[in-house]
Amino acid sequence: MGDTKRVPKKRYEKELLRLQAELVKLQEWVRTEQARVVVVFEGRDAAGKGSTIKRVAEYLNPRVARIAALPAPTERQKTQWYFQRYVEHLPAAGEIVLFDRSWYNRAGVERVMGFCTNQEYARFLHQCPIFERLLVEDGVLLRKYWFSVSDSEQENRFRSRLEDPMRRWKLSPMDLESITRWEDYSRAKDEMFVHTDIPEAPWYVVESEDKRAARLNMIAHLLSTIEYREVKPPSVELPARPPSQGYERPPRELHAQVPDHAAAFRRR
């Protein structure tokens with residue numbers, strides 16, 4: 001995809017910064033009002049979920065807004081109620097949790113790759129809407145986003161990762177497997193939507209052929225769905241520094257110092 005089809009970088013950066021400023025306002029409202037917000041990010045591999053989460057969280061306080069990206073379940077967790085290990089990551093009052101993939105693993109990769117039984121899959125499709133209705137009924141603000149990308153664009157992004165040593169770690173064997181199982185994942189997503197796209201917690205599809213547009217669209221939509229307001233911060237003034245009481249710092253030579261790697265760049 002050429003740059004002519006993308007949101008121009010300067011316009012993107014300006015609007016992104018404006019939206020991120022609004023996210024900070026949302027964060028302060030959540031903290032003040034003791035609200036609970038859950039945002040679920042799902043979609044194809046390389047669809048742009050991770051980069052969007054990064055932009056959402058960039059200026060937020062990690063004590064208020066945290067990212068939940070769970071690893072594969074342990075043997076003990078496999079014996080628990082499926083939703084159990086996700087429940088412990090749900091927000092308390094005044095918190096935002098961004099799920100980088102979520103309980104929907106069961107309806108996606110676990111279903112397609114055969115990591116769960118047909119019975120476990122059917123039970124998930126039955127229980128998931130109930131689980132989410134319970135969250136919403138209890139006051140949790142739940143938002144679910146599905147990032148959609150074409151097969152050709154996904155392959156382009158995989159190739160880009162393969163050729164970039166700084167991002168090659170993002171290309172897992174499971175990602176490569178998704179190329180050969182494109183239609184299987186499509187059918188699994190369609191069936192998942194039939195059962196879990198409910199009025200109390202609908203799915204919102206983010207078209208992500210253009211990652212810049214996807215980030216702007218997702219953040220703008222999230223902000224539009226929550227009736228937050230700007231919270232006036234408390235007045236803060238820096239105190240006057242008190243007079244010195246005669247403290248002297250010990251000689252630097254007494255401690256190991258980090259070498260001045262930057263010195264070579266200052267001389268240029």
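Predicted model: local features only at pLDDT ≥ 70, side-chain atom pairs only at ≥ 80, totals over all residues.
Helix H1 packs against helix H9, and the structure holds 21 salt bridges.

**How H1 and H9 pack**

- Two packed helices are described by the angle between their axes and by the distance between those axes.
- Helix H1 spans residues 9–33 and helix H9 spans residues 211–224; their axes lie 10 Å apart, at an angle of about 25°.
- Angles under 35 degrees count as roughly parallel, and H1 and H9 are therefore roughly parallel to each other.
- The crossing of H1 past H9 is left-handed.
- On the H1 side, the contact is made by Lys9, Tyr12, Glu15, Leu16, Leu19, Glu22, Leu23 and Leu26.
- H9 contributes Arg212, Arg215, Leu216, Ile219, Ala220, Leu222 and Leu223.
- Sorted by class, this contact of H1 with H9 has ten nonpolar and five charged residues, with no polar ones.

- Lys25 and Glu230 form a salt bridge through their side chains, at 3.8 Å from N to O.
- Lys25 sits in helix H1, while Glu230 belongs to the loop between H9 and helix H10 (263–266), so this pair links distant parts of the chain, 205 residues apart.
- Lys25 counts as partly exposed because its relative accessibility is 26%.
- Glu230 has a relative accessible area of 55% and is exposed.

**A link between two loops**

- The side chains of Arg101 and Asp45 meet in a salt bridge, at 2.8 Å from N to O.
- Arg101 lies in the loop between strand E3 (95–100) and helix H4 (109–113), and Asp45 in the loop between strand E1 (36–43) and helix H2 (49–57), so the pair ties together parts that are 56 residues apart in sequence.
- Arg101 is partly exposed, at 25% relative accessibility, whereas Asp45 is buried, with a relative accessible area of 16%.

**The Arg167 and Asp164 pair**

- Arg167 forms a salt bridge with Asp164, and their closest N and O atoms are 3.1 Å apart.
- Arg167 is partly exposed, with a relative accessible area of 26%.
- Asp164 also counts as partly exposed, at 24% relative accessibility.

Key: Residues numbered from 1 in each chain as written. Heavy atoms only, no water. Axes fitted to C-alpha atoms, helices over the stretch in contact; angles between N-to-C directions. Helix = DSSP H or I, 4+ residues; strand = E, 2+ residues; numbered from the N terminus. Parallel < 35°, antiparallel > 145°, perpendicular 65-115°, else oblique. Left-handed = near helix turned anticlockwise from the far one by under 90°. Contact = heavy atoms within 4.5 Å. Nonpolar A, V, L, I, M, F, W, Y, C, P; charged D, E, K, R; others polar. Salt bridge = Lys/Arg side-chain N within 4 Å of Asp/Glu carboxyl O. Buried < 20%, exposed > 50% of the residue type's maximum accessible area, 1.4 Å probe, protein only.
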